[in-house]
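Dear colleague,

I am passing on the structure we spoke about, and my notes on its salt bridges and on one helix pair follow directly below it. Please read them with the model open beside you.

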Amino acid sequence: MDFIPNFTRSFFLFRHEADFQGRMLPGALLRFAQQVATDHCNAMGLTDEVYARTHTAFLLVRQTLEFYRVPHVDETLRFVTLPEAPQRATYKRITLVTDAAGEEVACVDSRWVLVDTESRHILRKAPPEMELAWPVQVDRQLEVGLPARPQDMEPAGEVFARYTQCDMNGHVNNTRYADVACDVIPVEEWQNAAVRRMTIHYHKEIPLGQSAPLTRARMEDGSWRITGWRENKP
């Protein structure tokens, strides 16, 4: 396999990828970033066939997105994705987004682990046919940690793994949790506010047809903490 240090794709922001004010949805940003990362892996030969043959998969464990200017419908955006060599079994991937004028409008920092799909164990070393000369470091990163969970969190409905939210893995696609989080926030807040930063941690999948209860809390800095937890579920 030949390593490609970065990969670029451009996407047009259609209206179904924006909110009622024409602003790009956080979930749409993550879906574009997911697509360009997938295309990058395919271009290097890391295809579905290779994952199936080696019984491996990359699982997303956490990611942060930042908007520096929220794009509007009918814009064409350029996505550049840059992966980094694994550190303690964690792979970092940075995706930078620029507008038609070349101004940076957003960034996504995602962290992944490679797992054995049969044992479910995290792999410290990739199978020989998947070894690539990853760059030692990508000189960009976002904070992907979360503050301590507040004690008082109120019920906020549930997330249900519906047909339209699940991907080829048979569970809720990781980008859909951004949509879930936005829908939990009171709708009146969206009149004069937009997401500037969002961090998501992933612990367990929600398989097709299953659900998890949601809780929420308003933090002291005005941000929201939203949690979904499948307690005692496989």
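E75 is buried, with a relative accessibility of 17%, where buried stands for under 20% relative accessible area, exposed for over 50% and partly exposed for what lies in between, computed with a 1.4 Å probe on protein chains only. Its side chain meets that of R69 in a salt bridge of 2.9 Å, N to O, a term that requires a side-chain nitrogen of Lys or Arg within 4 Å of a carboxyl oxygen of Asp or Glu. R69 itself counts as partly exposed, at 33% relative accessibility.

R69 also forms a salt bridge with D99, where the closest N and O atoms are 3.1 Å apart. Because D99 lies in the loop between β4 (90–98) and β5, and R69 in the loop between β2 (56–67) and β3 (76–83), this pair ties together parts that are 30 residues apart in sequence; helices (H or I, at least four residues) and strands (E, at least two) are DSSP runs, numbered from the N terminus. D99 is buried, with a relative accessible area of 13%.

This is a predicted model, in which local features need pLDDT of at least 70 and side-chain atom pairs count only at pLDDT 80 or more, whereas totals for chains, interfaces and linings use all residues. Residues are numbered from 1 along each chain as its sequence is written, and side-chain values use heavy atoms, with hydrogens and water left out.

Over the whole structure, the search finds 16 salt bridges. Among them is the one between the side chains of R53 and E129, at 2.8 Å from N to O, which links distant parts of the chain, 76 residues apart: R53 belongs to helix α2 (residues 48–54), and E129 to the loop between β5 (104–116) and β6 (154–160). E129 is partly exposed, at a relative accessible area of 35%.

A network of salt bridges links R31, R176 and D179. Helix α1 (residues 26–43) and helix α3 (residues 176–184) pack with their axes 8 Å apart and at an angle of about 175 degrees, the axes being lines fitted to C-alpha atoms over the stretch in contact and the angles running from 0 to 180 degrees between N-to-C directions. This makes α1 roughly antiparallel to α3, since angles over 145 degrees count as roughly antiparallel, those under 35 as roughly parallel, 65 to 115 as roughly perpendicular and the rest as oblique. The contact (heavy atoms within 4.5 Å) involves P26, G27, L30 and R31 of α1 and R176, A178, D179 and C182 of α3.
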